[in-house]
Amino acid sequence: MCIRDRCRLLGMRNIVSISTAAIIHFIFIVFIIFGGLFTLIIPQLIWAHMVCAVYGILMMTVGWRCPLSHYEAKLRLQHGQDINTDEWEFLAHYFFRHIGLRGNEWFVTVIFVAALVGFNYQPYYSLISSI
């Protein structure tokens, strides 16, 4: 295998890794917001969802960075993209920048928490009241 083929193979692996990290990140965010609805089908998910929801709220309110964001930013830097790995965030890159936001505005946090409560109140209430 020549050097050029090895570089292409490594580049392709990096692209696949970046895409995989992005997909896992997206699934995790969907689970945080809509996970309570999944607990109606699989009630045992309530504990996993509670942990993920608290973690998601803390990341938005305290300003923690998701480890997947750091990993994806590192992969993007290795792939040759010119990004600042300390500031790169998943939602800011894939969603907020397209609607003119940075993602750290106070109302974004309020909307995120309201969506979390709105989509999960009824499933949690019905599960807890059935106990």
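Visitor: Why does Gly35 count as buried?

Guide: Gly35 has 0% relative accessibility. Buried means under 20%, so at 0% Gly35 counts as buried. Do keep in mind that this is a predicted model.

Visitor: Where is Gly35 placed, and which residues does Gly35 touch?

Guide: Gly35 is in helix H1. Leaving aside residues up to four places away in sequence, Gly35 touches Val30, His49 and Asn120. The C-alpha atoms of Gly35 and Asn120 are separated by 7.2 Å, although these two residues are 85 apart along the chain.

Visitor: What makes Phe34 partly exposed?

Guide: The relative accessible area of Phe34 is 30%. The term covers what lies between under 20% for buried and over 50% for exposed, so Phe34 at 30% is partly exposed. Phe34 also belongs to helix H1, residues 3-39.

Visitor: Which residues does Phe34 touch, not counting those up to four places away in sequence?

Guide: Phe34 touches Phe119 and Asn120.

Visitor: What makes H2 roughly antiparallel to H5?

Guide: The axes of H2 and helix H5 (residues 106-129) cross at roughly 165 degrees and come within 11 Å. Angles over 145 degrees count as roughly antiparallel, and therefore H2 is roughly antiparallel to H5. The crossing in which H2 passes H5 is left-handed.

Visitor: Which residues meet where H2 and H5 touch?

Guide: From H2, they include His49, Met50, Ala53 and Gly56; from H5, Phe112, Val113, Leu116 and Asn120 are among them. The residues of this contact divide into 11 nonpolar, 5 polar and no charged.

Visitor: What is the overall pattern of the protein chain?

Guide: Read along the sequence, the pattern is α-α-α-α-α, with 5 helices and 0 strands. Of the 131 residues, 31% count as buried. Among contacts between residues at least 6 apart in sequence, 59% join residues at least 24 apart.

Visitor: Which elements have the lowest and the highest mean pLDDT?

Guide: Helix H4, residues 90-94, has the lowest mean pLDDT among the elements, at 69, and helix H2, residues 45-62, the highest, at 87. The mean pLDDT of the chain is 78, and 82% of its residues reach 70 or more. Where pLDDT is low, predicted coordinates should not be read in detail.

How values were computed
Residues are numbered from 1 along each chain as its sequence is written. This is a predicted model: local features need pLDDT of at least 70, side-chain atom pairs count only at pLDDT 80 or more; totals for chains, interfaces and linings use all residues. Side-chain values use heavy atoms; hydrogens and water are left out. Helices (H or I, at least four residues) and strands (E, at least two) are DSSP runs, numbered from the N terminus. Buried means under 20% relative accessible area, exposed over 50%, partly exposed in between (1.4 Å probe, protein chains only). Contact means heavy atoms within 4.5 Å. pLDDT is the predictor's confidence in each residue, from 0 to 100. Axes are lines fitted to C-alpha atoms, for helices over the stretch in contact, and angles run from 0 to 180 degrees between N-to-C directions. Angles under 35 degrees count as roughly parallel, over 145 as roughly antiparallel, 65 to 115 as roughly perpendicular and the rest as oblique. A crossing is left-handed if the near helix is turned anticlockwise from the far one by less than a right angle, and right-handed if clockwise. Ala, Val, Leu, Ile, Met, Phe, Trp, Tyr, Cys and Pro count as nonpolar, Asp, Glu, Lys and Arg as charged, and the others, Gly among them, as polar.
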